[in-house]
Every structure is written in C-alpha cells, then in structure tokens.
Amino acid sequence: MVTITIDGQSYNVDKNQTLLAAAKKCGIEIPSLCDVDGFGQDCILCDVEIVGKGIVKACDIQPIDGMVITTESQILANIRKHSLERILQRTNTNCSVPPCQIACPANVDIQSYLYFIANNEHLKAIEVIKKTLPMPLSIGRVCPAFCEAKCQRNLVDEPLAIRQLKRYAADIDLKKLENYTPVKKESKGKNIAIVGAGPGGLSCGYFLSNEGYNVTVFESMPQAGGWLVTLRYGIPEYRLPKAILDKEIDIMCRNGMTIKTNTKLGEDFTLTALSEEFDSVCLAIGASQASEMNYTGSDLDGCYLGVDFLKDLAMEKQYSIGKKVAVIGGGNTAIDCARSALRLGADTTLIYRRTRDEMPAETYEIEEAEHEGVKFHFLTNPVENIADENGRVYQLKLETMALGEPDASGRCSPKPTGEYTLEDFDTVIAAVSQKTDTGFLANEDIELSFSRWNTINVDEATMHSGVKNIFAIGDFRRGPATAIEAIADGRKAAKAIDEYFGGNMEKLYTESFRSRNVERSHLIRPEHAEKLKRVMASIATGDNTQEIDAKLNHALGKLLRVKMPELTLAQREQSFSEVETGLSQQAAIDEANRCLSCGCDAGNNCKLRHYATDYKVDRKLFINRATPLAN
C-alpha cells in the first residue's frame, strides 16, 4: 500500500493498479470512457494533474507513495470539454435521446425499459421506470401516451404500445411477493410537508422519502389519489380500479412517507404554520373546482358539473341521472362522464362546440366512447336548459356553430350561426374545465404570485414559488393537465429540495448531443411494411386456407402493433369492471421487440451524455438535423 493525496485528501491505496482504479475505490470518480467500446485510450477525459509530472492520463499511471493529484481544475475542464467535442463530431457517435423519451413529460427512459421487457427482464424494466415514474400501475392505465405520438414506428405502421407495456411490467412486479422498492438512503433529519396526495404530491414524497427525508402528505379527501384527471376521484373504475391504486400507494409509502387524510389546508392548518413547522413545503393541491357554464337553466335539477359527478360516482353515489344524458365538453373529463353515464344505463350524447379534430380528449378515449355507444353532436353548443313542470331539465336548446379563425389554443374558434334545435335530455353534465381553490390564502400573510389564469407562478426548473420554503407543482401551477405532467413536476421539486439540503439525488441526463438514428428516419416508408406483409403472405404454407391464414396472422402479430385484450361490449354494459385486461407475456415481448431503438443504446446511463452535460458542451456544434414526427 502507498499513501497518495487526491484533491487535498490523503488515501492509502494499492500500488498495483491504475490511478483511475485507485481513485474509484476511494470514492472519487474521474471522468473516463476508457472502458466504453469505440473510445478506449483515445478519450483523454481521465487526464489529471500530478505534482512533478504535469497532466497525465489516470488510466496510464500507477500510484506512487507521496503522489499529489488534482482531478478537477479549470485547465482539466477545458481539456475534457475539447475532448468531448472531438468525440461527438465523429460520424459514428450516437448520443441521442429517442423522440419518445423527449415527448414524455417525466423523461422516462422508454427505450431502455422496452429493451428489458423484450428480453423478459421485468425487474430491470420496473427499476428503469421508477427512476422517473413511481406510479406505473396507474399511469400505465390512464396516461395519454404523449410518447406514442412521437414514436418513429409511426413511419412504418403503428407506434409501440408504450403505455400498455409500462402497465405490463408494473403488473408483473405487483404479482411478486416482494415488489421493487428502492434502497432508502440514510436519514437527512429534515421534515418535508406536501399538501395534496394526487400523483404529483405522492411522487414528490416518494422521491424525497427514498432520499432519507421525513415526508408527511396532507390530503383533504378521505383517501389519497387525487382529483379530476388524476387518479382517485376523477378517473372512473373501468379505467383505473381503485384496488390497484391502493396497492400502488402502499408500495410508494414503504420508505416511510406518511399520508394524513381528511386534513384540509386553510381549515385544519395554515400555510404559515406549515412553513414554520417543516423544513420545506410543497403545494400539490390540484384543480379540484369545476368551472361553471353559466347559461339559462344551467342551475336546474338534473344539471351537474363534471367534476362533481365523477366525485359522487367515486364516493356517495347520490346523484340521480335520467334516461337521456347530455355531456357538455370535449376533454378527457367529458369523455369519462359520458362513458360513466352510459354504464349507469343512460342513452348518452356528448355535445362539443368544435369538431372531432379539435377535441382535446385523447384519441383512443374518443374511439372507446364511440365503440361503447356514446353519441356525438359536434359544432353544437347549449344555450338554454328548459325545465318541466317539476323544475327538472327535460330539454336542451342547442345552437349550431361554425369554425372561425384559430384562437390562442391554436384551434379554430367556434362561431354562433343563429340556427337552433331542441332535443330532449333529462340530465345535463357540464364538463368544460377546472380551477384551483385558493381559499386557503384568505387569512394568510403569505403572498404568493399568481398568473392571470389563477395558477401559481414558480421557477420552471425547481418549482420554487419564490416565497420562503414553499414549492408548488401540478395543476396548481399548470392549470388542468395530466397525471404524468404532475409527476414530472413532483420529481423536479424533490430534486430541488434535496439539492437545497445538500443531497445527491440522481440527476437526469436527457439532453441529446447527437441524433444519428433519428435523422435517418426519413428513409423509413410505410410501403416497406406493406411489402413485407405481401412477402410473408406469399411464403406462408399450410394444408388449407384456414391454416395458412392462422400462420400468417401469428407471424404478423410479431410485426404489427399488439391489440390489448378488452372486455366485450356486452361485458361492459352497466359494469365498471376494468376494460383493458392486460397483455400476455409473449405479446408484451413481441411488442417490445418492435422498438426501432432510435436513441443511444445506453439510455439514461450514457456516460458520454453525462459528461457532455456536466462539462456544458454546446450541442449546437454538432447536433444533426433530425426529422422527428411533426406536432
């Protein structure tokens, strides 16, 4: 053994190893690509400065007693940055983030977990997922799948079933005797308060409890899970069984996160008291109030707001709906209301003032509603609810609309035409938008900054409100959005809180420095897949037509997008049982194998991407023009 000094600290190390290896055993990571295929001794990232020797490669020298080494300096940083730029300029270097991951608000390393599913390594898949998305059981059922819209497989046939594969891996993990739980770090001795047990608040608490913080989540409702387009009270049972949600929340709490329900901010405690009692506070209060549609007769009996209807469906079940239900709106909440009313036995029509193309609801949700029997009136807007002799709505006066110029949302704005129709309905559910209840600030001295949409202003990178130790995430800052976006906010807030207290929560490296594979996607054509199918059909063999068709369909099943097994229409009638029943093992493996692997094979573990980010390499120097799918 010899004694050396690294960055001012003395260490006893084995002299029969490289300085690079010795430093690593001492807990000092010197940047290096020496062990990465294709770089070897040419990377010069592991340069260090040794007294009496100058700048040398740490992989080329062995420790000597009394050696004094500097691993970080401005000179070394400049050398490493220049070396990284040289490496990234190589034509065969791939350091890209795939389009699916870029499209995911939570930056889930999709390509990596698809690789593990394809290789039947489900534990590794769930470990990758939970680094950024701690609720795959739920999100795998309800996510709008922004990733699939950008999947380059769209250029061939259909995108990968990414959402459903995420659910598959999570379902497998749930069935195990011991579900995957990250190793909890040593206690930080800090207490964190989170207000709101929706997906954003739960995720923030999950990441912080894993880092060793004492986390308490305060929830105003009887159970955790969140409102609206979140999980507990907004998404119906047929999309997300609450038994599944309960199990997922239980798993999330295994590293010590505590949830206190029936405890409301502004009534049971104040924000000022919370801020003083806890080391940090994160507001994840969501957008739980429905936005009213104030037109003539909107307050009649039989008229409900979408959020209230879904909440009642999940809790009291006291609302009475009739035989003919009109749902006003075009978003996911409106679709959920319509499909739920249908299950309650009502003849249901969704009324939307724009066309189908402008509907903000997810396409697959619209298609499922149509498939189940929901009717649609497009370019139609209610102007009056007409009451019967008992004061209950029995008829709607509807105005025909026409599309005008695009508005601030980018969609064509609807214009009234002055043409009206009457239609019989005995229940009207208005599901047009939601807003945050900010009544908790009424008697507070704390002044938070709000936008003109009554959403809180925060630092986009850290989620900090700019006031004391208060952070804010999810719908409270975005307005009504999705669960996956709230989860993304939750991780950002957790990372910022951890950094403030000197922690070392894992950093995400999601900036592309090359796009070698993606830039070639323009070479892919749908006719390639059609030609392959024709060739496969021409060589299919069998004793009869039925046998040939069966073999061909089996082979095509490995080429085309998997079809998620679902309940039949007859099974769905007046039933809130989960519609999607889950992928089989072989179907999941075949589907994951359809991935084109557009990004770096190392995924978020790409060392080159890590170093290029840390040393602030300018990606504009060599990022190639890519041709990802248009918005």
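Student: How many residues of helix α4 (residues 110-118) are buried?

Tutor: Buried means under 20% relative accessible area, exposed over 50%, and partly exposed in between (1.4 Å probe, protein chains only). Helices (H or I, at least four residues) and strands (E, at least two) are DSSP runs, numbered from the N terminus. In α4, 8 of the 9 residues are buried, so the helix is largely enclosed by the rest of the structure. The buried ones are I110, Q111, S112, Y113, L114, F116, I117 and A118.

This is a predicted model: local features need pLDDT of at least 70, side-chain atom pairs count only at pLDDT 80 or more, and totals for chains, interfaces and linings use all residues. Residues are numbered from 1 along each chain as its sequence is written, and side-chain values use heavy atoms, with hydrogens and water left out.

Student: What covers the buried residues of α4?

Tutor: The cover includes α3 (99-103), α5 (122-130), α7 (146-150), α8 (162-175) and α20 (585-592).

Student: Which side chain of opposite charge is nearest to R491?

Tutor: Lys and Arg count as positive and Asp and Glu as negative; His and the chain ends are not counted. A salt bridge is a side-chain nitrogen of Lys or Arg within 4 Å of a carboxyl oxygen of Asp or Glu. R491, in helix α16 (residues 483-500), is buried yet has no salt bridge; the nearest side chain of opposite charge, E506, is 5.0 Å away. The R491 side chain does reach the backbone oxygen of E506, at 3.1 Å.

Student: Which residues lie nearest the centre of the largest pocket?

Tutor: Rolling a probe the size of a water molecule over the atoms shows where empty space is left. On a 1 Å grid over the protein atoms alone, a pocket is an open set of points where a 1.4 Å probe fits, with protein on both sides within 12 Å along at least five of seven lines; lining residues have an atom within 4 Å of a point. Of the 40 residues lining the largest pocket, P360, R411, V432, S433 and P480 lie nearest its centre.

Definitions and conventions. Polar contact = N/O pair within 3.5 Å; in protein donor to acceptor, adjacent residues only side chain to side chain. Contact = heavy atoms within 4.5 Å.
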